[in-house]
Structures are given as C-alpha cells and as structure tokens.
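Colleague: I am new to this structure and would like a close look at one part of it. Please pick a helix and go through its surroundings step by step.

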Amino acid sequence: DVYKRQPYGTSKLAAERYASSYHEVYGLPTVSLRYFTVYGPRMRPNMAISNFVSRCYNDEPPVVYGDGTQTRDFTYIEDVIEANRTLLETDAADGEAVNIGSTDNIQIKTLAEEIRDQLAPDLEIEYAERYDADADHTHAETTKAQELLGYAPDHTIREGVAKFVEWYEQNREWYEPLVRQS
C-alpha cells in the first residue's frame, strides 16, 4: 500500500493540494516548492556529503549504504535561494507546485569516490546495509520551474561539493561535532 511505504510523501502532497486550493478559492498567493536534496553550508549534519567529508578528514573510509548505485539530484543551497528570491518578485507560479533541483544526477558511490579522491585518496569506500526507506533514485523535473521562474541551477555537484569542503574546513571546529554525532 502506497500510504504505508511513503507517508511522508503523501503528507507533502496533501499540503501542496491544500495550498493550491487556498489559492484557487481565496486568492491566497501560494507556491509549493519541492526541494531535491539541498546541500551546502550549515546543511543538516546527517547527510551523505557531510558524512563523507567528515570521515575523510578523520582518515575513516566513507560509508555508502547499499551498493551505491542509488542516484540523487543534489541541489546547492545558492540555487535554492535564487529560486526563492525570484518568487519574491513574481506571481507567475502562484497556486503551483514546482520542483527545485539540479540537472546533475549522481550515483552515491561516485559522490563518495569524488569526495574521497579530493580529501583522502588512499581510503577505500566501505559499504553497509541499505535502509529500506531510501529511494533508489531521485531526479527533479525542473521544466516548470524554468518556464515559470526562469530557474536554471548554476552549480554542478562537483562545484557545490568543492564550495562545501572549503566552508567545512573553515567551520570544522563547531560543525564537525554535529556531523560526528548524527
């Protein structure tokens, strides 16, 4: 049953429909933004990118859950901010649900290898049992965002990760303990 497997996704869809209904019935300007794996400075410390970086800095191999062929559409925070800024200046997407993601889909094992190669090339990638709730693949269809908002993400995963690593180095003292405890 889809509701037992994806209750979080179902609740998000319901919230989008409520917002759209309020727009249609009451004229309330609403836009539902669907963010796809946002990363960058101050991101949630328990995400793959922050964990891979932390483990490499501590001479520990990055841990990939599953076989690593899962793909994600990682979206750099500056691209998300730009989409939100655009929405402050236009009503073109009112009543709509819009995907905000990148066009740069990557396998998790490739991401781990790229981070490892940049920070600690001698480490081997470790693999652990995958969580049942993890999606095999995510990828944002951003055509609507492009048409309504002129949205075009500026950061590739490699550029974004490089910026995050630079930020991580500068903020390691306070941020790394959060990552290590997550």
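Modeller: R55, E60 and R180 are linked in a network of salt bridges, a salt bridge being a side-chain nitrogen of Lys or Arg within 4 Å of a carboxyl oxygen of Asp or Glu. This is a predicted model, in which local features need pLDDT of at least 70 and side-chain atom pairs count only at pLDDT 80 or more, while totals for chains, interfaces and linings use all residues. Residues are numbered from 1 along each chain as its sequence is written, and side-chain values use heavy atoms, with hydrogens and water left out.

First, the setting. The protein chain has seven helices and eight strands; helices (H or I, at least four residues) and strands (E, at least two) are DSSP runs, numbered from the N terminus. Its C-alpha trace spans about 60 × 40 × 30 Å along the principal axes. Of the 182 residues in the chain, 38% are buried, where buried means under 20% relative accessible area, exposed over 50%, and partly exposed in between, with a 1.4 Å probe and protein chains only. Contact means heavy atoms within 4.5 Å. Among contacts between residues at least 6 apart in sequence, 85% join residues at least 24 apart.

The part to look at is helix α3, residues 48-57. This helix is mostly covered, with seven of its 10 residues buried. The buried ones are I49, S50, F52, V53, S54, C56 and Y57. Their cover includes the strands β2 (38-39) and β3 (63-65) together with the helices α5 and α7. After α3 comes D59, which has a positive phi near 55°.

Now the two helical neighbours. Two packed helices are described by the angle between their axes and the distance between the axes. Axes are lines fitted to C-alpha atoms, for helices over the stretch in contact, and angles run from 0 to 180 degrees between N-to-C directions.

Take α5 (residues 108-119): its axis and that of α3 come within 9 Å and cross at roughly 35°. The crossing of α3 over α5 is right-handed; a crossing is left-handed if the near helix is turned anticlockwise from the far one by less than a right angle, and right-handed if clockwise. On the α3 side the contact is made by I49, F52, V53, C56 and Y57, and on the α5 side by I108, L111, A112, I115, R116 and L119. By class there are 10 nonpolar residues, no polar ones and one charged. Here Ala, Val, Leu, Ile, Met, Phe, Trp, Tyr, Cys and Pro count as nonpolar, Asp, Glu, Lys and Arg as charged, and the others, Gly among them, as polar. R116 is buried, at 12% relative accessible area, and meets D117 in a salt bridge of 2.7 Å, N to O. D117 is partly exposed at 44%.

The other neighbour is α7 (residues 157-181), whose axis lies 9 Å from that of α3 at an angle of about 70°. The two helices are therefore roughly perpendicular; angles under 35 degrees count as roughly parallel, over 145 as roughly antiparallel, 65 to 115 as roughly perpendicular and the rest as oblique. This crossing, too, is right-handed. From α3 it involves I49, S50, N51, V53, S54, R55 and Y57, which meet I157, V161, F164, V165, Y168, E169, R172, Y175, E176, V179 and R180 of α7. The contact of α3 with α7 divides into 10 nonpolar, three polar and five charged residues.

Charged pairs come next. Side chains of opposite charge can pair when their charged atoms come close. The count comes to 10 salt bridges. One of them joins E60 and R55 at 3.3 Å, N to O. E60 is partly exposed at 23% relative accessibility, and R55 is partly exposed at 22%.

Finally, α5 and α7 also meet each other. Their axes come within 11 Å and cross at roughly 45°, which makes α5 oblique to α7. The contact is made by L111, E114, I115, Q118 and L119 of α5 and I157, R158, V161, A162 and V165 of α7. It has seven nonpolar, one polar and two charged residues. R158 and E114 form a salt bridge, with the closest N and O atoms 3.1 Å apart. R158 lies in α7 and E114 in α5, so the pair ties together parts 44 residues apart in sequence. R158 is partly exposed at 41%, and E114 is partly exposed at 30%.
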